[in-house]
Amino acid sequence: MLRLRRYRYYSLLAAVVVFLLYRVARNSGQWEAASASFSHAAPPFQPKSAPPTNIDAHSDDDLPRQILRNTGDENNPTLVSNLDTTHQDSADDNQLHPIPPPDPAPVKEATVLAYDHDEAIREKTVPIMNAPGMSASHGFQGSDNPFAKSTTTGTHWEKVPENYPVPESDIIPLPIGKPRKIPTIQYAFEKESSENRETREARQQKVKAEMERSWAGYWTYARGHDELSPVTGKFRDPFCGWAATLVDSLDTLWIMGMEDEFEEALSEVEKIDFTIAKRTEIPVFETTIRYLGGLLAAYDVSLGKKGGYDILLQKARELAEILMGAFDTPNRMPILYYRYTPQSVSQPKRASTRVSIAELGSLAMEFTRLAQLTQENKYYDAVARITDALYEWQNRGTSIPGIFPELVDASGCNRTALNELKAAQSAASPEINSRRSIGVTGNDAIEPEYDAKPEPGKGENDQVKSPMLRRSGESASLDWKSSSDIDGSTLPACIAQGLTAGGWGSEQYSMGGSQDSTYEYFPKQWLLLGGLEPKYKELHLKVSEAVKKWLLYKPMLPDERDALFSAKVQTRGHPETDITTQYEVTHLTCFIGGMFGMAGKIFQIPADVEIGRKLTEGCVWAYESTPTGIMPEVGSVLSCADAKDCHWNTTRYEEGLDPFLASRDQMIEDYEARKAKAKLAEEEEKEANKLTQDTTSSTSQTEHPENGHPGVEQSTGPGANHEIRKRAPVSEVGDLERDEAGSYPATDDEIKSSHARAMDFEDSDPAPGFERVAAGQAPIQADEDRAERDPRRPLTHEEFVAKKIKDENLPKGFLSVDSSSYILRPEAIESVWYMYRITGEKKWQEKGWKMFEAIVRYTTTELGNSAIDNVLSTDTEQLDQMESFWTAETLKYFYLLYSEPNVISLDHWVLNTEAHPFKRPKT
Ligand SMILES: *[C@@H]1O[C@H](CO)[C@@H](O)[C@H](O)[C@H]1NC(C)=O
Ligand SMILES: *[C@@H]1O[C@H](CO)[C@@H](O)[C@H](O)[C@H]1NC(C)=O
């Protein structure tokens, strides 16, 4: 699994390289003509700052780096973009030796191979736009040609003119006015006893000690890189290699009083060069919440302008300048995996037809805060348009009114309408259409991320007139523009629409991964804007109604505690009749307790604070229920039909565990009947044999009584519960982003795969001399009984359930644990912290402390803390990964739980989804 993922990643990179070459080859004639009008004074490639060289470690993603670092220059991390210049005659040591353009046919094959995991490519969507090159004569020519520019200047990012700039007069400004008075969020804490203080401070010091060790490990072994590998002391660079952990941890260092480390870290911040990346595309959401959020919060907590750490704001602006390019689409919806080489940046493109709602909706706070600090409305404009689009969509209506499906079509083009039009047109003029669709299909296949590209030529001449999402939901009617008459056809490039569900058919709704933070940001944006933008309140109130109506459920738990969880539902558009519900329990969803609690306070809905409390209690239960005291990544439980009268019922629980309950008795009956019959036959045969002494008679029939009887599990052997494990995916969380991203060397994935490997391992016999270590490896008692009794008889319901609980190490109450890893996630302690600050109840500090001790017990390494692969076993394995959210979020929330309540008071600060505190406006 792991290997496979990696392989995809490499082949994807290879494909990108090859594809760029292919493009160079295809367009070189055009480019050379265009670039003739430019001087060829290309500055030699010079990274602004060399990565630290004093680090005696090597990355564990050598292979991708090998591919990237094909110039042999260690200090030159982004090399794919160097290909942009391969056709130039200006010799530069850093440039690749020109490679003859490969034959287009194999290129296509390679590309398809690399992408074949991506549904986007399999989906035979009808093309919307022309492929660039289809109408080459109308392409990039003349002195404004951005391609030409990119071929004559450096190899890293640089600003190019936007294709779809927002006219100055249309820029949406930050709301102005006096911030509203907002009800207080925090409990009015009394003065604490000295005894309480002692306990609290002792705990706080223990949290800080974890931070000090993790930070030192990172600083020594991974400084300047994204993540420390906390077991082996290597490093990883999954977030472009801009020192993600370092930037993500700055405000934590400050808050914990580690000011020397903070100052020291700033010298590294200064060296970060956002114009060079170790990936060819920027994951816009992750980059925004971790880097941009981290820089802005570090600036805010270190007293902003007064503090004098201007470098933080300066770096935030540098990064934002680059990210702004992602919004350069006709409807200003962002490209969320943004290829930012000059060549790519300058090409007109649209947002994808399949983006995750979380990634689209969770950019708001960071860009808003940047706009506030710089007084530059363009940053606010970028995200206000997304909010407007969501607001318009919520009012227009989704299948589950109030909330949004996980997959969103952000392209702004109505494929249905276009198909209708095409059908009509092709009836009238078949020739033109067949010609177009060939070109477009080819383009789609090569670059599935951009489901379509506006036709070349559009960018330069029609900038201002180009379709653009306007304020207040006019978009749906306004933004269609006939695509000119590029080759005499009147086929429109795009029939405009607002946001709609992406993909086809089934839509998923939940508060979990890929959706979560969009909802989290509505009330938080309202706070950040001082209550001056009412849309955020409206958005939140509708979300909260929908969540209560469709998603919240009361789980049946062994200790019958008053808890809630939020489910995932699926509908094909008619939820009243076709909805299906997955009673999931996922770590990522655990933020929601804090969200309900906080929003309940600011919008004065006490019932929502209560809901927040119960949701938090659910996650605390999930921690307490496992042998390690740590919640698994993904699992499921049973829901109570009647939330008011919900009692533990062992019969019901065990029935829920048995997928073959209905047929089980019948299976045994059938088996016994066939066995009796076989026995009878055998005896008859024996009789006959006695008579004839004929030994050739076959008895094979009787040896496999269950053959040809589907649905009967093998009662012995490793295959026994294979069926059950396959029923549910190991984990679904994060799959979407990863697969969409394609080239994302995701830590989640690796954890999932290692989990999957562990599962595979369980299914095979251990090597001699090895014992099976993971959950439920020991043969259970029933096996031995059965061996004496009858090894082939199907299991009874009771036997099956006992075996399943044992084999899967299921904590009582869980129906399944689909991913048993813990990757140092913060969401549960986040909600516990909110609950403590909101209610003032000390019990949350106690619950939090149990969580902390459990996490430290199993994740601590010499150099930091590591993700673990199985919270269901006290013998769990450390996975050698420490995501930046460990120091950015998890440890920060633990620390703040044991701080005095005025440290990062929720009445003065609002935290982004990466736990970065932004200063709220003063009323
Ligand atoms: C897309 O076009 C179809 C057919 O014209 C129409 O029924 C549908 O409402 C449009 N969708 C949106 C979101 O505008
Ligand atoms: C427990 O569940 C079983 C099976 O669903 C049901 O038949 C029984 O009535 C339940 N018992 C109680 C006390 O509700």
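This is a predicted model: local features need pLDDT of at least 70, side-chain atom pairs count only at pLDDT 80 or more; totals for chains, interfaces and linings use all residues.
Is Leu824 buried or exposed? Leu824 is buried, with a relative accessible area of 0%, and its backbone has a positive phi of about 70° although it is not a glycine. Most residues other than glycine have a negative phi.

Select Asp880 next, which is found in the loop between α34 (843–859) and α35 (885–897). Asp880, too, is not a glycine and has a positive phi, of about 65°, and because its relative accessibility is 14%, under the 20% limit, Asp880 counts as buried.

Begin with Cys413 and Cys494, which are joined with an S to S distance of 2.1 Å; the angle about the S-S bond is -110°, and the link is left-handed. This pair links distant parts of the chain, 81 residues apart, with Cys413 in the loop between β6 (407–409) and α16 (415–428) and Cys494 in the loop between α19 (475–478) and β7 (500–501). Cys413 counts as buried at 0% relative accessibility, and Cys494 is buried as well, with a relative accessible area of 4%.

Move on to Cys590 and Cys619, where a disulfide again shows S to S 2.1 Å. The torsion about the S-S bond here is about -100°, so the disulfide of Cys590 and Cys619 is left-handed. Cys590 lies in the loop between β13 (584–586) and α23 (592–602), while Cys619 lies in helix α24 (residues 606–624), so the pair ties together parts that are 29 residues apart in sequence. Cys590 is buried with a relative accessible area of 1%, and Cys619 counts as buried at 5% relative accessibility.

Then select Cys640 and Cys646, whose sulfur atoms are 1.9 Å apart in a disulfide. The torsion about their S-S bond is about 65°, so this disulfide is right-handed, and both Cys640 and Cys646 are buried. When the bonded cysteines of the chain are numbered in sequence order, the pairing reads 1-2, 3-4, 5-6.

Finish at the open sheet of 3 strands, which has the order β8-β11-β12 and antiparallel pairing. Its edge strands, each pairing on one side only, are β8 (507–509) and β12 (580–582), and the twist averages 25° from one strand to the next. Between β8 and the antiparallel strand β11 (residues 568–571) there are 3 bridges; to see where these strands face each other, select Glu507, which stands opposite Thr571 in β11.

Methods. Residues are numbered from 1 along each chain as its sequence is written. Chains are lettered from A and ligands numbered from 1 in the order in which they are written. Side-chain values use heavy atoms; hydrogens and water are left out. Two strands pair if DSSP finds at least two bridges between them. Helices (H or I, at least four residues) and strands (E, at least two) are DSSP runs, numbered from the N terminus. Axes are lines fitted to C-alpha atoms, for helices over the stretch in contact, and angles run from 0 to 180 degrees between N-to-C directions. Buried means under 20% relative accessible area, exposed over 50%, partly exposed in between (1.4 Å probe, protein chains only). A disulfide is a pair of cysteine sulfur atoms within 2.5 Å.
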